[in-house]
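Domains, helix packing and backbone details follow.

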Amino acid sequence: MEASIPLWWYLLVAAALFGTGLFGALSRRNAVGVLMGIELMLNGANINAVAFWRYIAVPSGAGLNGMDGQVFAIMVIALAAAEAAVGLALIISIYRNRQSVLVEDFSTMRG
Amino acid sequence: MLDLAALAANAWLVPLFTALAFVIILVQIWTGRGGRGSAYTAIAGVAASGAYSVVLFLASLGGSAAELSRSPAMSRTMDWLPLGDGYLRFGILVDPLGAATAAMVGIACLMIFIYSSSYMGAEFERYTDPTSGEVDRALGRARYARFFAYVSLFATGMFGFVLASNLVQALLFWEIMGLCSFLLIGFWNFKPSAAQAAKKAFMTTRIGDMGLFIGIMMLFAFLGTTDYASLMRPESLARLQAIGPIDGWLSGMLGYEVYIPLGGVSVAALVALCLFGGSIGKSAQFPLHVWLPDAMEGPTPVSAMIHAATMVSAGVFLIARLYPVFASATVDHPDQISGAMYAVAAIGALTALLAATIGMAQYDIKRVLAFSTISQLGYMVMALGIGAYVAAVFHLLTHAFFKALLFLGSGSVIHGVEHGMHEGHSHGGGQDAGAGHHDRQSGIPGVAAADAHDPQDMRNMGGLAKRMPLTYVTFLAGTLALTGVPVFSGFWSKDEILSDAFHKMGDGHMIALVVWVLGTTAAFVTAFYMARQVFMVFAGPPSTDAAAHAPESAPAMVYPLVVLSVFAILLGLIGVPAAFPVLGPLLGGNPFHHYMGHLLSGGAFETHAFNALPALASVGAAATGWGLGYALYGRRPAAARSRDPLASVIGAPLFRLLNRKYYIDEIYDATFIRGSVAFAKLNAWFDRRAVDGAVNGASWLGSRGASVNGWIDSRIVDGTVTLVAMVSSELSRWMRWLQTGRVQQYLLLAFVGVLIFLAMNVL
């Protein structure tokens, strides 16, 4: 069980998720899409955290009794949920004012 | 029996009543209700005050005069101003001097108020606006009320002064009187001469008041108190005397020897002379007498009340009140006439004669009386100067009544002549309007001719005895009292002064000889000018239509004259010398003497044997004066009114000198007034050139300095600030392109930044 799947597989999946998320966040015109990209990036980071915990902290004995990686992941999930809620509320509010969810329209802070 | 202690303790009510009347009249004026009611208010106020003071006086007669003058229960004081370690106290002091004077003031003021209600009423029924010439009844009523406000305030001042318990308080009321005098002399303020006279009176008395103020300050500095009761204590006076002469005192203060002119005069004498300065101003004594004749510009009741009966005697009262200070103002011989008193006596005697001689050559009916007042005040002052304290106070009281009577009588005459002028105009409608109104030459070079429209010029009168019988009889009573005709009040008081002087002379005092000679001469001159006045005004045929048509005055004016003439005739009987043949013992051996004499050194006041010589001399002087007056004016009064026979007797130049009052006004005008104007001009020049120059120079310098500062400010300080602003502005302009407002660009930048950091970390 131990050596069945090597660590780098997880890291690969995580990198793919993060890359997808990053691309989405930077390229989507729809603000909802940007939010979704951010969620993907967070989930990629979660996978990394859990994988490193399982493959490095537990075998070395440092984290056997601890649940560091999992707690980290749960914290990030909770945070992501809160962030999504706030982000969606912002988007709705902006939409009500400007009838648009396109990020390039949200440029009133331009210097 | 009246409780004297309680009465005296509540004597503060006396000035309060008139003060209340003053306030009520002010309210009446403000609410537009001034008028007849104001006169009644004022009369009620002064009647209450007068009644209280008369009752107080009568109660004080009850054998307790000694108690009255010494017992502290007779005065009531309260703390007023905190001063250092003590209080300046405000209170009431009732002693024989104060009680008697307050009673006199009360009666005289009441009569004058009643008189004024009619006299001033006639003035203002047809008050015409001086600029538009229209009759303004509302303003006339308001001015009528204002008159009574002023006189009520004046009465408050006089009562307060007479009953004050310390010098500062006395000064306060003294100045209230000065203010009222100013306001009332200038009451007809649309007349430039009245405004001028008011100013003159105010400023002249101010010179004397400065002396009084300095004197009070010195007393306070040396003795630490201004309370009469404390000042009069023998130990206080001894302390004042112990200071010694001025140069010694100054040397002691400064720590080195000083020599000043008259440095040998004692400090006590200096204090006394400063205080006497106040009296000189207020009582119009010689160098400062010039304001009183001009004060006749005021309404006649004012002349009677303020400038004859009451206020001007305040100066005499002040000396009498502070008599122990004056008497002790010597270093060597406390029992003798002190140095300060020599000066007082000399000034008084000089004034008495000087003013009397001027009075001989005046034509204005009121001015004659004004100079007579100055002269009589001189009598009182010289009496105090030779230590004839009781005689001076006695003369103060009798003079107040007969002089008020004479002034009111003259007011009645003026009123009658004024009416006569209106009558004459209405009667003479069809005839030549100028008939009887031609100006008659005086016949004396340098002496003004009679103005036919001047109701006060005696040359326009004559024959009024028949037209105004009551005025005539009462005026005659006042004249007989003033000229010292036996049995009338003025005889007793004036004779007492002269006989006291005669006795002091016997004790070897040279000054008493001067006083007696000048006083007796002045008595002769007084009789002469009063005879002249009576004959010119009342005798013979009238010289103008106005005099021929003059009616008797209203009852409200005539009856006060009658009341006052009773006093003028009978008041002297309270002071008949005990040793006077027949009358003396009959009238209780000079009760006034016993009453008033207690004030002095434990009641040990000398009474001397009756000597017929001074009495005969003064009666002889009066008789000669009357005789000469009759010879010159009584036999052919009409001729005397067109060319003054006195001028023929003494020569026109001398007459002119007297008529022009020895040119004292002109001398003052040429020296003090022109001098101060020139000095003021010099100051103005100095101010314009030097002071203004310095100020302008300073401002020029300031403006130069400011422009340098401005250059620094605008170039260097502002430059620095602008530079900082420009740099940040350029920087921010350059940074602006980063701030696109596109959230994804920010994200991309952040990502690139992370990558750069990572790369730097790896490398």
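Leaving aside neighbours within four places in sequence, B:Ala108 is in contact with B:Met305, B:Ala309, B:Thr310, B:Ala400, B:Phe401 and B:Ala404; two residues are in contact if their C-beta atoms, placed from the backbone, lie within 7 Å. The model is predicted: local features need pLDDT of at least 70 and side-chain atom pairs count only at pLDDT 80 or more, while totals for chains, interfaces and linings use all residues. Residues are numbered from 1 along each chain as its sequence is written, and chains are lettered from A and ligands numbered from 1 in the order in which they are written.

B:Ala108 belongs to the largest nonpolar core, which has 238 residues. A nonpolar core is a set of buried Ala, Val, Leu, Ile, Met, Phe, Trp, Tyr and Cys residues joined through C-beta atoms within 7 Å. A residue is buried if 20 or more other C-beta atoms lie within 10 Å of its own, exposed if 12 or fewer, and partly exposed in between, with C-beta atoms placed from the backbone. The members that touch the most other members are B:Ala108, B:Ile319, B:Leu384, B:Ala392, B:Ala404, B:Val515 and B:Ala568. Domain 1 and domain 2 of chain B each supply at least three residues to this core. A second, separate core has nine residues, including A:Ala14, A:Ala31, A:Leu40 and A:Val103.

## Chain B overall

Chain B contains 33 helices and two strands. Helices (H or I, at least four residues) and strands (E, at least two) are DSSP runs, numbered from the N terminus. Of the 763 residues in chain B, 53% are buried. Among contacts in chain B with a separation of 6 or more, 77% join residues 24 or more positions apart.

Helix H14 (residues 300-309) of chain B is largely enclosed by the rest of the structure, because ten of its ten residues are buried. Among them are B:Met305 and B:Ala309, both of which also touch B:Ala108.

## Domains of chain B

The domain assignment of chain B gives domain 1 (1-164), domain 2 (166-426 + 451-659) and domain 3 (665-762); such bounds come from an automatic or database assignment. The C-alpha centres of domain 1 and domain 2 of chain B are 22 Å apart. Their contact takes 42 residues from domain 1 of chain B and 48 residues from domain 2 of chain B.

On the domain 1 side, the elements giving two or more residues are helix H4 (65-70), strand S2 (86-93), helix H5 (96-125) and helix H6 (137-163) of chain B. H5(B) gives the most, with 18 residues. By class, this side has 31 nonpolar, nine polar and two charged residues. Ala, Val, Leu, Ile, Met, Phe, Trp, Tyr, Cys and Pro count as nonpolar, Asp, Glu, Lys and Arg as charged, and the others, Gly among them, as polar.

B:Ala102 lies in helix H5 of chain B and is buried, with 27 other C-beta atoms within 10 Å. Not counting residues up to four places away in sequence, B:Ala102 touches B:Val14, B:Ser53, B:Leu56, B:Phe57, B:Phe159, B:Val162 and B:Leu163.

## A helix pair

Helix H21 (residues 469-482) and helix H23 (residues 510-538) of chain B pack at an angle of about 170°, with their axes 10 Å apart. Axes are lines fitted to C-alpha atoms, for helices over the stretch in contact, and angles run from 0 to 180 degrees between N-to-C directions. H21(B) is therefore roughly antiparallel to H23(B), a term for angles over 145 degrees.

H21(B) contributes B:Tyr472, B:Leu476, B:Thr479 and B:Leu482 to the contact, and H23(B) contributes B:Thr526, B:Met530, B:Val534 and B:Phe538. These residues divide into six nonpolar, two polar and no charged. Elsewhere in helix H23 of chain B is B:Val517, which counts as partly exposed with 16 C-beta neighbours inside 10 Å.

## Chain contact and positive phi

Most residues other than glycine have a negative phi. A:Gln99 has a positive phi near 55°, and B:Ala284 has a positive phi of about 55°. A:Gln99 is in the segment after helix H3 (68-98) of chain A and is exposed, with 8 other C-beta atoms within 10 Å. B:Ala284 is in the loop between helix H12 (267-282) and helix H13 (291-294) of chain B and is buried, with 30 other C-beta atoms within 10 Å.

Definitions and conventions
Angles under 35 degrees count as roughly parallel, over 145 as roughly antiparallel, 65 to 115 as roughly perpendicular and the rest as oblique.
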